[in-house]
2 protein chains.
Amino acid sequence: MNSGNFNGLRILELLENHRSIRKFQDKVIPDEEIKKIISAAQTASSSSNGQAYSIINITNQQTREKLMGYAGGQRHILDCSHFFVFCADLHRIENIAKLSNVDMTESLESTEMFIIATVDAALFAQNTAIAAEALGYGIVYTGGIRNSPELVTEILHLPTRTYPVFGMCIGYPDNNDIPGKKPRLPIESLFFENEYIHFEETIEYIDEYDQTMKDYYANREQNKSKRNWSETITDKRKVPRRLNMKSFLNDQKFLLK
Amino acid sequence: MNSGNFNGLRILELLENHRSIRKFQDKVIPDEEIKKIISAAQTASSSSNGQAYSIINITNQQTREKLMGYAGGQRHILDCSHFFVFCADLHRIENIAKLSNVDMTESLESTEMFIIATVDAALFAQNTAIAAEALGYGIVYTGGIRNSPELVTEILHLPTRTYPVFGMCIGYPDNNDIPGKKPRLPIESLFFENEYIHFEETIEYIDEYDQTMKDYYANREQNKSKRNWSETITDKRKVPRRLNMKSFLNDQKFLLK
């Protein structure tokens, strides 16, 4: 645990320097590097060391094309070096239990186990992102694969008790097309002491962020806009989306209890 | 994006070096350091930049004692420098929408938005963990706060459309009590190409891991055991736990659709 002695601040700089990369060079990351990334990612915390996730590396171009279509047409799913689908996975533990004649159905169908598997997959994925960025690659998460979870499940042969949480593109960033760093909410609007501070008391910080993001959206290279953050996120979230998610997850035997 | 040029492998070493720390020195991390950690953590990817999370820093000792009781008595919740509760948060966006007379109820009650908020909180938390470890601190996640989500919600005054996903202890590790690095599943058992590999075809790797973990459990300093991983995780998961989670989340207006 002497990690703090080496260059900890450089690591914070790496985190601070994150941007989602959607333009990649036409180059493939060597297998050895991918293995290093996944191996480092696996050390992420996992509830009771259950490691309730799997990751599918999509190397088949036809599969990528289909996934791109399901996700809404993002070219970077095709253009990136590696496209990963991160799955929450209770299939493994179900089958381990079966080997010793333990029926785990009631436990695995609980909302609690859905949270455990989803969080396990997310922590692992974020370690994957950081490890990739540490080696100089760029990444972007693609929640778009949740547009058509049934089709993704079918094409990847996902068994029950697994679901595709999100994808991730990894590759060599196109250095001529690196987006600006996206500002985040002022810390005061989300970091509280001892109790939650209700929205009304944080409005000044939301206003401050709206002004910051208005400038950001107006001045960025692509997707320029005159809106602020509140308008942008309200517009994005006001239409209910993916209302089939619950029945899809129930079919996969999640969230039944 | 020239981050790869500096010491990327050292960052992978930091990730690889992770262990959950449960014994802390009696020292408090300076506020400046905490702010650096949170600020770096905020750069984690977030769905549509929605930042659907909040974090509550528990400085009040009485509140910590209560949370420790709710979570199952882990002393490190009291002994660590900082104890954070990470919340999935759709309260903020609900209220932003209300300001422009947009009723977002149907969207926010969807299972999809539950996933978005939970994943946003998890990615943010994992960045928090890495930033803290980069500066030499130790961390442990505490899922135990989900034992009594209603009580946690009450004591932290969490509004509807938020829920406590997990806690995290951060502090100066007790260097006399650093656990060994916990081995993870062989990469072959969870990293697949183009399609999911069913459990039956991965058994050899599970067997390999069982042997690895049997040695680990038998030889570690504390909580020695004669069991392997399959036995340990089956035992942990076979009893359904936290079956009140669904009704709690429904009361908080999550997962209604």
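Q: Which residues do ring pairs link into a cluster together with Tyr53(A)?

A: In this predicted model, ring pairs join Tyr53(A) with Phe84(A), Phe86(A), Phe124(A), Tyr141(A), Phe166(A) and Phe191(B) into a cluster. The structure holds 27 aromatic pairs over all chains. One of them is formed by Tyr141(A) and Phe166(A), whose rings stand edge-to-face, 5.0 Å centre to centre and with 85 degrees between the planes. This pair links distant parts of the chain, since Tyr141(A) belongs to strand β3 (residues 138-142) of chain A and Phe166(A) to strand β4 (residues 162-171) of chain A, 25 residues apart.

Q: Are Tyr141(A) and Phe166(A) buried or exposed?

A: The term buried applies under 20% relative accessible area. Tyr141(A) counts as buried because its relative accessibility is 15%, and Phe166(A) is buried as well, with a relative accessible area of 3%.

Q: Why is the pair of Phe192(A) and Tyr196(A) called edge-to-face?

A: Planes over 60 degrees apart count as edge-to-face. The rings of Phe192(A) and Tyr196(A) have their planes at 70 degrees and their centres 5.1 Å apart, so this pair is edge-to-face. With a relative accessible area of 4%, Phe192(A) is buried, and Tyr196(A) is likewise buried, with a relative accessible area of 4%.

Q: How many residues of chain A are in contact with chain B, and what area do the two chains bury between them?

A: An interface may be read both by its contacts and by its buried area. Here 131 residues of chain A are in contact with 131 residues of chain B, while the two chains bury about 11300 Å² between them, 64% of it on carbon and sulfur atoms.

Q: How many salt bridges and how many residue pairs in polar contact are found across the interface of chain A and chain B?

A: Across the interface of chain A and chain B there are 4 salt bridges. The side chains of Glu112(B) and Arg242(A) also meet in a salt bridge, at 2.5 Å from N to O. Polar contact across the interface of chain A and chain B amounts to 60 residue pairs, with both residues at pLDDT 80 or more. Helix α7 (residues 111-134) of chain A supplies the largest share of the side of chain A that touches chain B, namely 16 residues.

Q: Where is Ser230(B) found, and which residues is Ser230(B) in contact with, leaving aside its neighbours within four places in sequence?

A: Ser230(B) is found in helix α10 (residues 229-237) of chain B, and its relative accessible area of 12% means that Ser230(B) is buried. Leaving aside its neighbours within four places in sequence, Ser230(B) is in contact with Ile96(A), Ile206(B) and Asp210(B).

Q: Where is the place of Asp103(A), and is Asp103(A) buried or exposed?

A: Asp103(A) has its place in the loop between α5 (91-99) and α6 (105-108) of chain A. The term exposed applies over 50% relative accessible area, and Asp103(A) is exposed, with a value of 61%. A polar contact of 2.5 Å joins the side chain of Asp103(A) to that of Thr105(A). The C-alpha atoms of Asp103(A) and Glu133(A), which lie 30 residues apart along the chain, are separated by 41 Å.

Key. Residues numbered from 1 in each chain as written. Chains lettered and ligands numbered in written order. Heavy atoms only, no water. Phe/Tyr/Trp six-rings, centres within 6.5 Å; stacked < 30°, edge-to-face > 60°. Helix = DSSP H or I, 4+ residues; strand = E, 2+ residues; numbered from the N terminus. Buried < 20%, exposed > 50% of the residue type's maximum accessible area, 1.4 Å probe, protein only. Contact = heavy atoms within 4.5 Å. Buried area = accessible area lost by both parts, 1.4 Å probe. Polar contact = N/O pair within 3.5 Å; in protein donor to acceptor, adjacent residues only side chain to side chain.
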